[in-house]
Amino acid sequence: MDADPVAAVPGLGLGVEAWRPALAALGAGHATIHLLPGYGAPIESARTPSPTQLAGRLCDRLAPSSTVFALSSSCQLVAHAARLRPDLVRRIVLVGPTTDPRARSWAGLAGLWLRTAVHEEPRQLPSLVRQYRRTTLRSMYATMDVCRHDSLQVTLSRVGCPVVLVRGVRDRIARRDWVQTLAGTAPERVVVEIPAGAHLVPMTHPALFAERVAPVLA
């Protein structure tokens, strides 16, 4: 990657472990990984921050002209950051973007999660448990309950910077047609499908992720 600033936000409940392998494989080991309430840090207030509010906190930490990576539901707040502060965000890389409006209910989300979980790498489980404990299940639930009502499609319609949309081939949460819908026909939006893995491809297949994403970023 180039010398411009690189930042990343983990997915729901995840920590810096979610991004370190993939960023290192991309040659972006200098990247700053930002932990936010629900995303690597517990919620400490009585009220759950919205994706827009979290985006504002992220913007307070970003350097100008940053490339910002997001995973799963953090895609929503990173998209808001790009909308709010185009001077800070040069481009965004959204991996496994949520939330498909066809599955915003808790039952729908659970169904897609279960269909995806069977394709994830079992050896990741101990690491996931550690990360979820740090964030706390209460914070994860509260964050997802807010995020599932936030429309990524609407937010991206107000984003002018280049957008790279990435999914693992077995991802049932970020299904192919949903990701294609987010891309639309805008020339500045590119879809990259990783030919292995599911929702957590930066963690489970970091080298392959970097191999497929690096040419697009170049």
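1. Ser-127 counts as buried because its relative accessibility is 14%; buried means under 20% relative accessible area, exposed means over 50%, and partly exposed lies in between (1.4 Å probe, protein chains only). Ser-127 sits in helix α5. Helices (H or I, at least four residues) and strands (E, at least two) are DSSP runs, numbered from the N terminus. Leaving out residues up to four places away in sequence, Ser-127 touches Glu-17 and Met-203, where contact means heavy atoms within 4.5 Å. Ser-127 and Glu-17 are 110 residues apart in sequence, yet 8.1 Å apart in space, C-alpha to C-alpha.

2. The model is predicted: local features need pLDDT of at least 70, side-chain atom pairs count only at pLDDT 80 or more, and totals for chains, interfaces and linings use all residues. Residues are numbered from 1 along each chain as its sequence is written, and side-chain values use heavy atoms, with hydrogens and water left out.

3. On confidence: pLDDT is the predictor's confidence in each residue, from 0 to 100. The chain has a mean pLDDT of 93, and 98% of its residues reach 70 or more. Confidence is highest in strand β1 (residues 6-9), at 98, and lowest in α4, at a mean of 80. Where pLDDT is low, predicted coordinates should not be read in detail.

4. Which element gives the largest share of the lining of the largest pocket? It is α4, with 7 residues. A pocket is found on a 1 Å grid over the protein atoms alone, where a 1.4 Å probe fits: it is an open set of points with protein on both sides within 12 Å along at least five of seven lines, whereas a cavity is a set from which the probe cannot get out, and lining residues have an atom within 4 Å of a point. The space in the largest pocket is about 840 Å³; grid points are joined across faces, edges and corners, and a volume is the space filled by probe spheres set on the points.

5. The lining of the largest pocket has 31 residues, and those nearest its centre are Leu-12, Trp-113, Tyr-132, Met-140 and Ile-173. Two or more lining residues come from each of α4 (106-117), α5 (125-135) and α6 (137-147). By type, the lining has 21 nonpolar, 7 polar and 3 charged residues. Here Ala, Val, Leu, Ile, Met, Phe, Trp, Tyr, Cys and Pro count as nonpolar, Asp, Glu, Lys and Arg as charged, and the others, Gly among them, as polar.

6. The largest nonpolar core has 37 residues, and Val-78, Ile-92, Leu-94 and Leu-156 have the most contacts inside it. Such a core is a set of buried Ala, Val, Leu, Ile, Met, Phe, Trp, Tyr and Cys residues joined through side-chain atoms within 4.5 Å. Helix α3 (residues 74-84) gives the largest share of this core, 6 residues. Another core, of 28 residues, lies apart from it and includes Leu-14, Leu-26, Ala-31 and Val-201.

7. How many of the 11 residues of α3 are buried? The count is 9, and the helix is mostly covered. The buried residues of α3 include Cys-75 and Val-78. Both of these are touched by Leu-94, whose contacts beyond four places in sequence also include Ala-70, Leu-156 and Val-164.

8. The loop between α2 (51-59) and β5 (66-71) holds Pro-64. Is Pro-64 buried or exposed? Pro-64 counts as exposed because its relative accessibility is 56%. Beyond its neighbours within four places in sequence, Pro-64 is in contact with Pro-5, Asp-87 and Leu-88. Ser-65 lies in the loop between α2 and β5, and its phi is near 60°, a positive value in a residue other than glycine.

9. Two further loops deserve a look. Thr-136, in the loop between α5 and α6, has a positive phi near 85° and is not a glycine. The peptide bond from Thr-98 to Thr-99 is cis, with omega near -5°, and Thr-99 lies in the loop between β6 (89-95) and α4.

10. His-205 is placed in the loop between α9 (201-204) and α10 (206-217). At 27% relative accessibility, it counts as partly exposed. His-205 touches Ala-196 and Gly-197, with residues up to four places away in sequence not counted. Its C-alpha atom is separated by 7.9 Å from that of Ala-22, 183 residues away along the chain.
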